[in-house]
Amino acid sequence: MSDIPKELLYTKTHEWVDNSGDGTATVGVTDHAQSSLGDLVFVELPEVGDKFSAGDVVAVVESVKAASDIYAPVAGEVAEVNEELEDAPERVNEDAFGQGWLFKLTLDDESGLSDLLDASAYQAVVEDEEH
Amino acid sequence: MAQRTPLYAEHVALDAKLVDFAGWDMPIDYGSQITEHKAVRDNAGMFDVSHMAVVDIHGAQARAFLRRLLANDIAKADEIGKAIYTCLLNTRGGVIDDLIVYHLADDHYRAVINAATTEKDLAWLTSQARDYDVTVEHRTDLATIAVQGPRARELAGQILDPKLAEQALKIKPFRAVVDGDISVGRTGYTGEDGFEIVLPGEDAPQFWRDLHAAGVAPVGLGARDTLRLEAGLNLYGQDMDEDCTPLESGLGWTVAFKPTDRDFIGRESLEHLREQGVAQKLVGLVLEGRGVMRTGAVVRAGGSQDDDPANAEGAVTSGSFAPTLGRSIALARVPSDWGDSVEINIRNKWQPARVVGYPFVRNGESRIDP
């Protein structure tokens with residue numbers, strides 16, 4: 001069973017969101033997602049300053065097996081991207097909830113966060129897929 | 001329920017990710033496909049390939065039967081211990097399967113065929129064997145373990161029975177030695193040196209565990225696919241099938257047109273095709289930029305202005321990321337008159353790729369210019 005930290009928020013499409021509380025949030029893919037994808041070989045990240053609505057394709061992670069779109073969990077502007085992933089996409093496999101973060105968003109407003117899943121609701125999504 | 005090899009419990013114990021492959025529960029990886037791929041390139045890895053069928057052909061007319069049946073000429077393996085790689089063709093020259101045939105003893109040959117094609121191959125062999133004094137026997141009692149990599153022979157040699165090991169370590173590539181129900185061939189599907197070892201299913205788990213203890217890494221079918229693609233080896237069902245001939249699949253070198261009086265199945269069709277000219281060819285591709293060429297992606301000639309993917313005349317038959325090269329490579333079927341520059345449709349964008357000779361990697365070294 002994949003690890004699902006309690007303090008994070010989640011989407012049905014397997015992104016995680018760490019709300020910093022200062023109007024920004026860090027986004028990555030879950031451990032379950034990296035495990036299903038297999039070894040990542042490329043990560044295509046947005047540019048700082050790009051603006052997205054919730055549900056827009058923001059990034060692409062590509063594994064040996066398949067390419068997968070990453071969606072904006074909430075509306076916002078890209079404040080920072082994890083440039084280290086350019087040369088080390090395997091960080092996502094090794095530490096999906098930590099060093100494998102993808103990008104940080106400046107949130108349009110915090111209300112969008114209430115649409116996200118908590119850890120137990122996301123756990124149910126994962127279990128649904130596994131059965 | 002899917003079939004299981006004698007090594008199924010070993011895969012479960014090693015926490016493998018299991019998938020259905022041609023009706024078999026097989027390990028796709030044991031955690032990391034890239035780590036497994038590199039273990040084979042740098043050291044030694046082992047694969048459970050017991051889903052592939054071992055078929056023994058015995059009888060006074062076994063040689064005559066195989067000279068009729070196979071596109072390559074088994075007469076090249078008249079010396080006991082030699083093996084050939086060959087296609088099995090239908091009368092139209094289409095590829096029913098590709099296989100390795102070992103000459104193990106007088107009147108005894110052993111074919112190793114693909115899992116997905118086992119039933120149709122056996123039906124074809126049995127029907128073609130009617131006119132010959134031969135028996136065709138599917139050896140479901142045997143398991144096959146491939147040990148591949150620069151240290152594969154040395155490490156496998158420590159596990160095999162000492163007398164068999166001594167013989168096995170002396171054989172040249174594409175040869176085999178046999179001792180009762182154990183055969184050891186210096187063959188493989190990775191572009192590295194190594195052995196393919198056929199042994200009784202009941203002995204396979206202990207042999208597997210001993211190899212693991214000796215430092216041989218378990219490797220899943222995921223890495224097997226990237227290893228064989230880097231080595232430029234065709235995969236049946238992707239790079240060739242019954243709708244195309246060896247001449248359109250980069251396998252013309254495996255068809256023995258000489259001697260001219262050997263009447264193998266499919267010969268007439270292939271000769272006709274050769275005279276007419278072969279319209280398509282299989283080429284190696286290296287993607288110039290980032291991204292991954294995937295199997296099924298369409299290919300157009302370099303400089304083409306036709307952006308509609310439906311009009312593209314070429315297609316990737318096998319594409320992936322090549323861990324040894326750190327970039328994407330592919331085999332693609334394209335019109336014979338195309339040059340060295342093509343474009344491939346990746347996620348609705350046309351990306352430049354270069355046509356290169358393959359293998360892309362041999363014995364751990366890149367053969368592609370940067």
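**Terms and values, one at a time**

Colleague: Which residue is the bridge partner of His58(B) in strand 8 of chain B?

Modeller: Thr135(B) is the bridge partner of His58(B) there. Strand 8 covers residues 135-138 and runs antiparallel to strand 4 of chain B.

Colleague: What sort of model is this, and how are its parts numbered?

Modeller: It is a predicted model: local features need pLDDT of at least 70 and side-chain atom pairs count only at pLDDT 80 or more, while totals for chains, interfaces and linings use all residues. Residues are numbered from 1 along each chain as its sequence is written, and chains are lettered from A and ligands numbered from 1 in the order in which they are written.

Colleague: What makes strand 4 and strand 8 of chain B a pair?

Modeller: Strands are DSSP runs of E with at least two residues, helices are runs of H or I with at least four, and both are numbered from the N terminus. Two strands pair if DSSP finds at least two bridges between them. Strand 4 and strand 8 of chain B have four bridges, so they meet that definition.

Colleague: Which other strand joins strand 4 of chain B through six bridges?

Modeller: Strand 7 of chain B, again antiparallel. Val54(B) has Val112(B) as its bridge partner in strand 7. The loop between strand 6 and strand 7 of chain B holds Asp107(B). Phi of Asp107(B) is near 60 degrees, a positive value in a residue other than glycine.

Colleague: How is chain B divided into domains?

Modeller: Domain 1 is 8-47 + 141-230, domain 2 is 54-138 and domain 3 is 279-366. The bounds come from an automatic or database domain assignment. The C-alpha centres of domain 2 and domain 3 of chain B lie 34 Å apart.

Colleague: Which strands of chain B form the open sheet, and in what order?

Modeller: The order is 10-11-12-9-3-13, with mixed pairing.

Colleague: Why are strand 10 and strand 13 of chain B called edge strands?

Modeller: Each of these two pairs on one side only. Strand 11 and strand 12 of chain B pair in the antiparallel sense over three bridges. Val184(B) has Ile197(B) as its bridge partner in strand 12.

Colleague: What lies across strand 9 of chain B, and at what angle?

Modeller: Helix 7 of chain B, at about 15 degrees to strand 9. Such angles run from 0 to 180 degrees between N-to-C directions, with axes fitted to C-alpha atoms, for helices over the stretch in contact. Helix 7 also lies across strand 3, strand 12 and strand 13 of chain B.

Colleague: Why are helix 5 and helix 7 of chain B called oblique?

Modeller: Their axes come within 9 Å and cross at roughly 125 degrees. Under 35 degrees is roughly parallel, over 145 roughly antiparallel, 65 to 115 roughly perpendicular, and the rest oblique. The crossing angle falls in the rest, so these two helices are oblique to each other.

Colleague: Which residues make that contact?

Modeller: Leu155(B), Ala156(B) and Ile159(B) of helix 5, with Phe207(B), Asp210(B) and Leu211(B) of helix 7. Contact needs C-beta atoms, placed from the backbone, within 7 Å. By class there are five nonpolar, no polar and one charged. Nonpolar means Ala, Val, Leu, Ile, Met, Phe, Trp, Tyr, Cys and Pro; charged means Asp, Glu, Lys and Arg; the others, Gly among them, are polar.

Colleague: What makes helix 2 and helix 8 of chain B oblique?

Modeller: Their axes come within 8 Å and cross at roughly 55 degrees. That value also falls in the rest, so they too count as oblique. The contact includes His37(B) of helix 2 and Thr226(B) of helix 8. It has three nonpolar, four polar and one charged residues.

Colleague: Where is Pro359(B), and is its bond from Tyr358(B) cis or trans?

Modeller: Pro359(B) lies in the loop between strand 19 and strand 20 of chain B. The bond is cis, with omega near 15 degrees.

Colleague: How many residues of chain A are in contact with chain B?

Modeller: Seven, with 12 residues of chain B. The chain A side divides into four nonpolar, one polar and two charged.

Notes:
Two residues are in contact if their C-beta atoms, placed from the backbone, lie within 7 Å.
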